[in-house]
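Please find below a short note on the model under review.

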Amino acid sequence: LVVALISLLAWLIASQIVSSRSGALRTATPLPARTGQKNEPLGDGLLYSDGTTLHALSGKGLQIWSYAAGSGSSFSVGKGGVAAWQSKTLSLLTSDQGATLYSGTLEDTILDARMDTQYAAAQVGTEHDSVMLILEHGGRQVDRIELSNQTVLDFGFFYNGSLFWVMSMDTEGTVPMCSISTYKPGKMLAGTITDSQQVLYEVLFQSSKIRAVGTTHIKDFDYTSRELTSDRVLVYGWYLMDLDDEADNPLMAFVPVAQAESGQIQDVRMIQGQTDHPVRLPYPSSRVFARDDTIYAFTNQYVSMCRLDQTTPETYAMPIYVDDVVGITKNHQAIVSSGGVMYLVPLLR
């Protein structure tokens, strides 16, 4: 009897392992969100707008809170919560309950906003002549940064949310000049990195260095703005499609520019630090994402997964026909659309 029970237990465990790696993903959870509605991953679930109201969904697709943001409002999900804006009105909300920490009118039309753990930032004014307002979560303004004659490419916070950065491009001269400026909110400009050799489009603030991604090179800088020239990585002809921005030393997925433009991606460079690992995908993919140490490449019917230490991707059939992939949640669920409906599909790791 004991031998029989042990044999049965071993068979059940083996069956579970085989089932989990049988070549298909099994579950697709339908969501109330619809194709065309703006949405972003929010923790294990997602946040979407129906045009007037924000709705936060859990990792099981259940609504956990909603917020009436107004018609045509925009929003962004940050480490400190959710920033929502409409015209000159800014609202700062908690991620878990949607509680309003601040709602008020700013000095000019809001172009973009971010909310981090200690502060929030709102870009107001016009695209090429804007002002960055730094606010505490309760709405008190602690800084006002003039960005005259500059086109803001991106901005955010680092060092546990206590420092602020802006990546911008000055197009007034004969040669466009990209710069990354860092600030201590309420005090001073901390430093500036400039690059006239390429257009920068992504910046990562790591514990030991700043990593800037451009059209020609990945460049590393120390926190005195000195480039670590020996760490340069040539990426000319390649485009950074995704990275895991939750990690200190994130995995980055680069694809050929021509393949990215055509939506037929078969070659991926997995770059993490100085590791540069090329991968050939079994099917032309439309979207590629990077999470932890793994890339996920999607077609309408399959997802190919490859870890940084693997030479060949593993491919699995999707449980539904996929029209598009929006993103991947914190617990590795793909947010996909199919037939006008949004779904959560748990991915293998």
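1. Cysteines. The predicted structure contains zero disulfides. A disulfide is a covalent bond between the sulfur atoms of two cysteines.

2. Sheet order. An open sheet is built from four strands, arranged S1-S32-S31-S30 with antiparallel pairing. Strand S1 (29–34) and strand S30 (324–328) form the edges, each pairing on one side only. Direction ignored, neighbouring strands of this sheet are turned against each other by 30 degrees on average.

3. Pairing of S31 and S32. Within this sheet, strand S31 (residues 333–338) runs antiparallel to strand S32 (residues 341–346), and six bridges join them. Which residue in S32 stands opposite Val336? The residue in that position is Tyr343.

4. Leu251. This residue belongs to the loop between strand S22 (238–243) and strand S23 (252–256). Is Leu251 buried or exposed? Its relative accessibility is 0%, so Leu251 counts as buried. Apart from neighbours within four places in sequence, the residues in contact with Leu251 include Asp242, Leu243 and Asp244, as well as Met270, Ile271 and Gln272. Also among them are Ala290, Asp292, Asp293, Thr294, Ile295 and Leu308.

5. A separation in the chain. Leu251 and Ser338 lie 87 residues apart along the chain, and 28 Å separates their C-alpha atoms.

Technical notes: Residues are numbered from 1 along each chain as its sequence is written. This is a predicted model: local features need pLDDT of at least 70, side-chain atom pairs count only at pLDDT 80 or more; totals for chains, interfaces and linings use all residues. Side-chain values use heavy atoms; hydrogens and water are left out. A disulfide is a pair of cysteine sulfur atoms within 2.5 Å. Two strands pair if DSSP finds at least two bridges between them. Helices (H or I, at least four residues) and strands (E, at least two) are DSSP runs, numbered from the N terminus. Axes are lines fitted to C-alpha atoms, for helices over the stretch in contact, and angles run from 0 to 180 degrees between N-to-C directions. Buried means under 20% relative accessible area, exposed over 50%, partly exposed in between (1.4 Å probe, protein chains only). Contact means heavy atoms within 4.5 Å.
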